[in-house]
Amino acid sequence: MTGDEIREAFLRYFERNGHTRVPSSPLVPGDDPTLLFTNAGMVQFKGVFLGEERRAYTRATTCQKCVRAGGKHNDLENVGRTARHHTFFEMLGNFSFGDYFKADAIAFAWELLTRDFGLPRERLTATVFTDDDDAFALWKKVAAFPDDRILRLGEADNFWAMGDTGPCGPSSEIHFHQGDHLPCPEAAAGRRCLGPACDCDRWLEIWNLVFMQFNRDAAGALTPLPKPSIDTGMGLERIAAVLEGTQSNFDTDLLRPLIDGVARLVGKPYGAVAADDVSMRVIADHARATAFLIADGVTPSNEWRGYVLRRIMRRAMRHGRMLGLGEPFLWRVVEWVGQVMTRPYPELRAEMARVQGVVRAEEERFAETLDVGIAKIREYAEAPAAEGGRVVDGKFLFTLYDTHGFPTDLAQEAFADLGFIVTDDTLREFEAEMERQRARARAGAAFGGEAGAGEASLELWRGLPETEFLGYDALTAPARILAIVVADRRQPEAVAGQAAEIILDRTPCYAESGGQQGDTGTIIGREGQARVLDTLKRGTGLFVHRVAVTRGGLREGEEIAVAVESPRRLGLALHHTGTHLLHAALRRTLGTHATQAGSLVAPDRLRFDFSHGQQVKDRELTQVEDLVNEKVRDNLVVSPFWTELDAALKLGALAMFGEKYGPRVRVVRIGDFSTELCGGTHLEQTGQIGLFKIVDEGAVASGVRRIEAVTGAAALQHVGQEEAALREAAEALKIAPLEVPKRLQRLLDEQRALERQLQTLEARLARSRAEELVAAARQVNGVAVVAARLDGLDADGLRAVVDTVRDRLGAGVVCVGSVADGKIGLVLAVTKDLTRRYHAGRLIQEVAKAVGGGGGGRPELAQAGGKDPAKLDQALTLLYDLVAKS
């Protein structure tokens, strides 16, 4: 049976037995912001098992996409080195929510395995929890197992719990005998193999049946559940290996096509060299995880889920380099994933263009860092000092990270492959260097001046009650001054001319949080007045009013009146509601992966950062803007309300993943278009926005884009400025405003034609100069070497000359330098047949050092710059020595 046939046979079997087929949930758990990835089939039914949710069915069956690559369940480091570890895998499962229990669960499993899948009964055995006499008796009855074919194991092996408290219960595992020909450490020591309890590969666990029959309280006491349930899990890759007659998941038809594709790509057979086989398995596995995670909305970044994805991708890239792949390749492999998995997951095929774009961009971005880091590690390993010990120096590990941007986890794995170890002392030294760097950064920030000026220490506010916020319903309020800080000291009074920070018992002023800027306004007392310049949060619930006292004085304990600057608050509300509409429109236009990565809500503009691996196309920006303005015209009601966190998530409210939320949260719902957890201030209806206008879009980090936009009067002002600029351009060209685009296009076409003519002339010049350079090539160490200076050429001109010389040489090394506008440019190329001996990126780094510059690149082509034109000739001559020494 093929993997597709096994998956379908499993699901159909349980459908015939009264189960509802439920689609796989996404890898990003939508209702659990604390869980990294979906890692088991029961995740989407967690609320059902806890009694918090009801479904239209009491029996379900699924094939669930799972990822285990971080946190408690982390198989990343073992992937590729064993037969069964994966980052991405599929979990087959059947579930009962208070319907059937142990008897049917065991009977279903036995019938499917022995009748439908045809597994030999004599090669199967079961384990049960030590005290589970019911399961023991059922296995004897259903499978006719003798007592010695049912193994009783303890809580570590055969008891499952959802958490420290809550539903839990014993489990029963089904194991398949792979054969006594496989090595066993017990047998090798002259003892008897322990069977399913042994660490060897003779017995393979293929199915785990969990009997949820107890509730565990905080004291650890177990009480029976009123409706016991069933949760089972069987890894598709494992059962496929058994049914396809192979002892490695990687040899199944689910993974072997990917491995064969990688083998063709690198021109090496799978199964010939053990180290190469590991790399091919890593790439195949990681390509699956990469494809499915990106399709489900995760993009590579330096935070949480995105960071794990980036680690997976970069690990695959390093193994590609180990196989000799110098160019981006992972984007090709993810396409093969789509081809293999298209039947069960058609949505993966639909997302493939975006997935490939994200992967290729990440590969190109990381290529130079990877090459430089690997080269530095090799240099370290080959240095004479390394012969004295195989422990990595923590300072060097830090230099790799801090100077060259090379990830520490990847460095540890690369060192391990070279026979070096990273010890606890290494990591302590690394952390010490990191802390020294942080200290230097803090010192630099302090020296820089007033970044923290006027911010009172939290110690000054200790013991004060939380501020009561009234600003959702009022812009003015009476209040009492609880504390005053002037020049970082508690004072009983602040007088005219002083800047102070004031804590009130209650306030309508919104404190900066969630991207929304703090309110400004006024505080009026009996004998004084102050202008509120900003409102900030300190600790968990204190609102600090940063003020300038303009008249008289304000005293601690005084009753005052505080008022918010209402026009500014309106501007903030306009742009905050606009931000929610923008977020929803982005997700509908680009996909649900477009999640918030940061924001700024100001009274005159908004800035929204979101996950997206490529530039947003102009037509997509237009669609987003049009959709937001459509919702503005619809005049949707904005409905804020408080509810329990779980209830909010069930309503589909968007939460910031990784954020900590209390048991009660504020939800802002805008019609049926947007629902988010949000503590900010908003409009009552979207029609108050008037007009929404995007003014800019660009990249701010890897996999993160930024949109800047304006609403209301600011949007009208922006449109007016654009119209004025268009009129000015039209007057300069002496045409009507609407004719400007056509005229500009004609001018650009003419310019491009002239540029092509120039390129043709430069190419002719390059060819003529190339002939001279080839004729002057020197033979060094049996290699043709060209090192020449041609002033006046830009980077494109240098590359044209170098490409031509390299092609004419056939085999050799060529470096051409140039001084243009006082700047040094260098391009170096190595013909492909010599890249194993000479790396263009490393050679050019040495040449560039001689002119006070730097650079790098791929093994066959590299580019650099420099600062000292007087030393260029000497630097170029250095190439002959570098080739001679290599």
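Let's start with Leu119: leaving aside residues up to four places away in sequence, Leu119 touches Leu113, Thr114, Leu124, Phe176, Ile206, Ile239, Val242 and Leu243, where contact means heavy atoms within 4.5 Å. Please keep in mind that this is a predicted model, where local features need pLDDT of at least 70, side-chain atom pairs count only at pLDDT 80 or more, and totals for chains, interfaces and linings use all residues. Residues are numbered from 1 along each chain as its sequence is written, and side-chain values use heavy atoms, with hydrogens and water left out.

Leu119 is among the residues touching the most other members of the largest nonpolar core, which has 109 residues; Leu113, Trp139, Ile206, Trp207 and Ile239 are the others. By core I mean buried Ala, Val, Leu, Ile, Met, Phe, Trp, Tyr and Cys residues joined through side-chain atoms within 4.5 Å, with buried being under 20% relative accessible area (1.4 Å probe, protein chains only). Helix H9 (residues 274-295) gives this core its largest share, 10 residues. A separate second core holds 30 residues, including Val616 and Ile670.

Now, the sheet. In what order do the six strands run? The open, mixed sheet reads E29-E30-E31-E32-E34-E33; strands are DSSP runs of E, at least two residues, and helices are runs of H or I, at least four. Ala788 has Val816 in E31 as its bridge partner.

Finally, helix H22 (795-809) lies across E30, E31, E32 and E34, at about 160 degrees to E31. Angles run from 0 to 180 degrees between N-to-C directions, with axes fitted to C-alpha atoms, for helices over the stretch in contact.

Definitions and conventions
Pairing = 2+ DSSP bridges. Buried < 20%, exposed > 50% of the residue type's maximum accessible area, 1.4 Å probe, protein only.
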